[in-house]
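Hi,

Here is the structure I promised to pass on.

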Amino acid sequence: MNIHFRKLANADEPLVLHDVVDVSEVVTGRKDILAVAPLSVDLKALPAGTDSVNVVGTLSGEVDMLCSRCLTEVKSKLNIPFAETFKWLKQPILPEDDDEKLIYIKDEIVDLIPYVEENFVLHLPDSVLCKADCLGLCQKCGQNLNEGTCSCDNTVIDPRLAALKGFFTKQDD
């Protein structure tokens with residue numbers, strides 16, 4: 001998925017890009033992600049002044065992740081906005097007025113796949129819940145508390161008073 005600056009500068013209409021990108025390699029090693037469907041990429045490349053190109057559009061796909069509380073599978077639909085501005089750098093050194101929003105490139109042809117992958121990774125949710133009021137797992141036995149309660153004593157005792165826990169219990173003489 002490439003854009004060519006000279007062709008785009010001479011074009012009367014924006015360059016429309018539709019593609020499907022496999023992003024499973026960029027999430028390899030993440031234990032919270034079970035499966036990733038290929039991303040559907042819909043982009044438009046527009047000339048934006050001298051030697052600049054704006055690329056805007058959306059990335060959409062599905063990700064199967066684990067609930068961060070109870071570890072059940074959650075299917076998440078992603079609809080990611082994509083907006084990047086590329087500027088062709090004719091000189092081998094960066095200009096003094098380095099704009100952080102611009103991506104300076106040295107070649108006339110730009111491969112958009114690394115930028116698509118980067119936007120995908122940056123927009124992945126940090127944590128996913130199966131439902132807003134997910135109860136999670138019991139800390140002692142691992143029971144999913146959404147499915148039922150367990151018989152564990154989960155009374156929280158202030159650690160400053162833990163030494164007094166057995167003070168009032170009846171002791172055998």
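Below is what I found on the salt bridges and the exposure of the residues in them.

First, a caveat: this is a predicted model. It holds 4 salt bridges.

Let me start with Arg30 and Asp32. These two form a salt bridge, with the closest N and O atoms 2.8 Å apart. Arg30 counts as partly exposed because its relative accessibility is 31%. Asp32 is partly exposed too, at a relative accessible area of 23%.

Next up is the pairing of Glu62 with Lys77, a salt bridge at 3.0 Å from N to O. It links distant parts of the chain: Glu62 lies in strand β5 (residues 52-66) and Lys77 in strand β6 (residues 73-88), 15 residues apart. Lys77 has 69% relative accessibility, so it counts as exposed, whereas Glu62, at 33%, is partly exposed.

Strands β5 and β6 are also linked by Asp64 and Lys75, which sit 11 residues apart. Their side chains meet in a salt bridge at 3.3 Å, N to O. So is Asp64 buried or exposed? Asp64 counts as buried, because its relative accessibility is 12% and the cut-off for buried is under 20%.

Over to you!

Cheers

Technical notes: Residues numbered from 1 in each chain as written. Predicted model: local features only at pLDDT ≥ 70, side-chain atom pairs only at ≥ 80, totals over all residues. Heavy atoms only, no water. Buried < 20%, exposed > 50% of the residue type's maximum accessible area, 1.4 Å probe, protein only. Helix = DSSP H or I, 4+ residues; strand = E, 2+ residues; numbered from the N terminus.
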